[in-house]
Amino acid sequence: MNTKDHDGIFKTAFKEPKRAASLLKLAAKKNKSLARFLQVVDLKTMRAERTEINRQGLKGSADLAFSLKIKNSNNKAKLFVGLVLEHKSYPDSEVVSQLEHYFYELFRLSRPDCPMVAVIVYNGEIKWNPLKAKLYAKYPEYFHDIGYPFKIEMINVGKEVGNIDFSKLNPYVALTLVAMKYVFNAEKYKPLMDKAMAYFLDPKNKIDDSFIQEVLLYLGEETSSEYREAIMDRPEIMAERKRKGFVSVADVIRAEGREEGLAKGFAKLVQSAKNFLAMGLSVEQVSKGTGLSIAEIQKHCL
């Protein structure tokens, strides 16, 4: 899967500190551990940090990185904490090692005393805990209690983000959360997305057309059975769902695309039929020439 396409919607939606903070606050309503984190930091001091790393030939990029101050820390102390938001669409066994590189490159080298909290954002019915595996599992038990030099929080968007109120959220955030939360549920997604699009017709809630394309690309990739890694549910579970009549958001989008294409094609045929009739051809001749039935010509052209 193309990494840029995979993470594009997430990076665009939450690259601004205020937007990222809104995601944290929404999830913290159900996530007690994340709520404890927000109790000790000042989200108003949140600033975007560089995300590129390049050490010893290793290149990479964290999805999003920020720094923010601890609450009530005075100007002399300047207690900062590093924050990384990492979006995953599959249970990546390498994610903790990946975060370890980010911790060292993004914060440890420039701010030796700065702790880091990594927030992994995903969506899935299966609860995912990458910390279940021991850091040094192959070593004797003596080494198993060695921990990581940073904390990890998990946000399961599907389960921890509640009702999405468009009037209270940034348009990019609202649209992204609708897509992520209901990517596997076309029945709930469709009414919400229709509501979202109506809301975004208001000029003050305007969003870029290119972002709409990113959302549609995300929905198409995340629910397509062609991508084995694109679903947090195991591929065999999704296959079983398909056999039982499960309809994904992507299935709905593709079907609507076909219907729209048919509608446009029909409209062109009707216009051609009208032109032929204006030239003096009979209804029967127009029917043979366009493929439209006589009844359709009488209904739409006369």
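Author: The answers below set values against definitions.
This is a predicted model, in which local features need pLDDT of at least 70 and side-chain atom pairs count only at pLDDT 80 or more, while totals for chains, interfaces and linings use all residues. Residues are numbered from 1 along each chain as its sequence is written, and side-chain values use heavy atoms, with hydrogens and water left out.

Reader: What makes E1 and E7 edge strands?

Author: Strands are DSSP runs of E with at least two residues, helices are runs of H or I with at least four, and both are numbered from the N terminus. Two strands pair if DSSP finds at least two bridges between them. The open sheet has 5 strands in the order E1-E4-E5-E6-E7, with mixed pairing. Strand E1 (41-48) and strand E7 (151-156) each pair on one side only, and they are therefore the edge strands.

Reader: How do you know that E5 and E6 pair?

Author: Strand E5 (residues 80-87) and strand E6 (residues 116-122) share 6 bridges in the parallel sense; the definition asks for at least two, so they count as paired. Leu 85 stands opposite Val 119 in E6.

Reader: Why is Cys 114 called buried?

Author: Buried means under 20% relative accessible area, exposed means over 50%, and partly exposed lies in between (1.4 Å probe, protein chains only). Cys 114 has a relative accessible area of 5%, so it is buried. Cys 301 counts as buried because its relative accessibility is 15%. Gln 98, which lies in helix H4 (residues 95-108), has 19% and is therefore buried.

Reader: How many disulfides does the structure hold?

Author: The structure holds 0 disulfides, a disulfide being a pair of cysteine sulfur atoms within 2.5 Å.

Reader: Why are the buried residues of H3 said to line one face of the helix?

Author: Those residues are Leu 34, Phe 37 and Leu 38. Seen down the axis of H3, they fall within an arc of 95°, so they line one face; the arc is that of the directions from the helix axis to the C-beta atoms. On the other side of H3, Lys 32, Arg 36 and Gln 39 are exposed.

Reader: What do the buried residues of H3 pack against?

Author: They pack against helix H2 (17-28), E1, E5, E6 and E7, where contact means heavy atoms within 4.5 Å.
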